[in-house]
Amino acid sequence: QTHFLSLSLQAKMSRPVQARRLEGIDKNIWVEFVKLATTYSTVNLGQGFPDFPPPDFLKEAFMRAISGENHMLHQYTRAFGHPPLVKILAQLFGKLLGRDLDPMTNVMVTVGAYQALFCCFQAFVDEGDEVIIIEPFFDCYEPMVKMAGGKPVFVPLRPKAPKHGKLMSSADWQLDPAELASKFSERTKAIVLNSPNNPLGKVFSREELQLIADLCVKHDVLCISDEVYEWLVYDGKEHIRIANLQGMWERTVIIGSAGKTFSATGWKVGWTVGPNRLLQHIRTVHQNSVYHCATAAQEAVAQGFQRELELYGKPDSYFVQLPKLLQQKRDWLVQSLDALGMKPIVPEGTYFLVADISEFKSDVPDVPDSDEPYDSRFAKWMVKNKGLAVIPLSTFYCGAHKNNYNHFIRFCFAKEEATLKAANDILQKWKREKTSS
């Protein structure tokens with residue numbers, strides 16, 4: 001027995017097992033905050049998913065797909081996208097981009113927009129390549145760039161003071177043109193654009209997109225354009241596609257999401273749209289990683305888009321109705337937070353609203369020399385003591401910049417009325433407690 005024990009000890013691996021590409025990216029904020037929310041929260045306005053159902057026409061399409069006569073919908077379909085889905089996506093985006101798109105070469109379906117992003121970074125980024133990321137950014141961009149061997153280069157949106165007496169808008173957060181230009185070099189391979197932006201809700205203007213486009217063309221840089229919230233814009237704003245600007249189609253991959261488009265985030269159906277010279281490399285990564293996406297979900301999404309293409313621009317269109325509904329929810333949460341002294345930054349798009357917690361700092365004392373940003377401690381305190389889950393804005397910044405933007409928290413307002421009312425009740429009670437103390 002002793003002999004076997006010594007052999008088994010010798011057999012233990014002493015060499016490191018972890019691949020170098022995983023160093024420093026093992027921690028994930030969502031794992032921590034989702035666990036806190038499930039443990040303590042009565043109301044979760046943290047994670048970005050609706051707690052209301054997808055539209056009936058989409059649910060019915062899914063039911064038909066899984067219970068109908070076509071048993072092939074339970075089997076593999078085309079690896080790069082179910083033919084009915086890539087055909088309708090090519091039609092719709094062809095209309096939006098004013099181009100004749102080939103469904104087989106200009107569109108590829110992915111396991112949500114998340115896998116589309118992963119495929120892009122793996123396909124285009126080489127060891128030492130620089131990728132420009134605009135802050136605040138959806139948090140997976142940084143680790144995905146590093147995993148591909150690239151170097152993230154960060155440029156922040158800088159807030160400008162709003163007009164006197166007005167609430168700040170996400171439009172008040174802007175790029176400094178000189179600062180942005182200084183980040184481009186011969187090492188720059190790509191820039192990641194997210195408009196409408198998560199977490200701020202900023203919808204980039206034509207002038208801002210032109211600034212980015214001119215630099216991409218000048219330096220021969222790719223644009224990975226994350227447009228998952230393309231239909232969720234408010235106050236009559238317009239979502240402008242950077243691929244439509246001169247010289248940008250050839251160098252842009254557009255990323256979209258049925259989860260955000262049809263309020264069905266758990267279906268995990270996303271896509272990339274772009275020129276074949278870029279998509280051919282994304283297909284190589286896809287075929288050597290997940291290879292294939294769920295057939296029935298793709299069929300249902302194809303039928304959803306078929307309906308939307310027929311109703312395009314009409315009042316009955318879900319793409320018209322959903323932003324109207326969400327704008328009401330946004331306005332309600334803005335009023336609720338404003339009344340309590342948390343200063344909301346009014347978003348022009350997305351599911352999200354960022355609020356300034358400076359006035360609430362007395363509730364959670366500062367800890368000098370703490371490694372953890374203040375907003376992160378505030379959010380943890382809030383979920384444990386108030387039962388309301390949110391996400392700290394510093395999550396969406398690189399390590400060096402987290403403490404520059406550490407007095408904001410992000411709320412998700414894509415929730416049922418009852419959820420938002422419960423959140424308001426928590427905030428009202430908190431306000432009364434503050435006033436009475």
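**A close look at the second largest pocket**

A: Keep in mind that this is a predicted model. The second largest pocket has 25 residues in its lining, and Gly48, Tyr114, Phe138, Lys260 and Lys268 are the ones that lie nearest its centre. Its volume comes out at about 530 Å³. By residue type, the lining of this second largest pocket splits into 12 nonpolar, nine polar and four charged.

Where do those residues come from? Helix α5 gives the most to the lining of the second largest pocket, with four residues. Both α5 and α9 (258-261) supply at least two residues each. On the domain level, domain 1 (25-54 + 318-436) and domain 2 (56-311) each put at least three residues into the lining of the second largest pocket.

The largest pocket is lined by 29 residues, with Lys27, Asn28, Ile29, Asp139 and Lys402 nearest its centre. The elements giving two or more residues to that lining are α2 (29-40), α5 (112-124), α6 (141-147) and α13 (374-386). Of these, α6 gives the most, with five residues. The lining of the largest pocket sorts into 12 nonpolar, seven polar and 10 charged residues. Domain 1 (25-54 + 318-436) and domain 2 (56-311) both contribute to the lining of the largest pocket, so this pocket lies between them.

Over residues 43-423 the chain is 38% helix and 17% strand, and the end C-alpha atoms sit 6 Å apart.

Ser263 is found in the loop between α9 and β10 (269-273), and Ser263 has a positive phi of about 55 degrees although it is not a glycine. Most residues other than glycine have a negative phi. With a relative accessible area of 4%, Ser263 is buried. Asp220 also has a positive phi of about 55 degrees without being a glycine, and it is found in the loop between α8 and β8 (222-226). Asp220, though, counts as exposed at 56% relative accessibility.

A cis peptide bond joins Ser195 and Pro196, with omega about -10 degrees, and Pro196 lies in the loop between β7 (188-194) and α8 (206-219). There is another cis peptide bond between Asn198 and Pro199, with omega about 25 degrees, and Pro199 is found in the loop between β7 and α8 too. Most peptide bonds are trans.

Finally, the cysteines. A search of the whole structure turns up zero disulfides. Cys223 is in no disulfide, and the nearest cysteine sulfur, that of Cys216, is 5.2 Å away. Cys223 is buried, with 1% relative accessible area. Cys293 is in no disulfide either, with the nearest cysteine sulfur, that of Cys119, 8.8 Å away. Cys293 counts as buried as well, at 4% relative accessibility.

Key:
Residues are numbered from 1 along each chain as its sequence is written. This is a predicted model: local features need pLDDT of at least 70, side-chain atom pairs count only at pLDDT 80 or more; totals for chains, interfaces and linings use all residues. Side-chain values use heavy atoms; hydrogens and water are left out. On a 1 Å grid over the protein atoms alone, a cavity is a set of points where a 1.4 Å probe fits but cannot get out, and a pocket is an open set with protein on both sides within 12 Å along at least five of seven lines; lining residues have an atom within 4 Å of a point. Ala, Val, Leu, Ile, Met, Phe, Trp, Tyr, Cys and Pro count as nonpolar, Asp, Glu, Lys and Arg as charged, and the others, Gly among them, as polar. Domain bounds come from an automatic or database domain assignment. Grid points are joined across faces, edges and corners, and a volume is the space filled by probe spheres set on the points. A disulfide is a pair of cysteine sulfur atoms within 2.5 Å. Buried means under 20% relative accessible area, exposed over 50%, partly exposed in between (1.4 Å probe, protein chains only).
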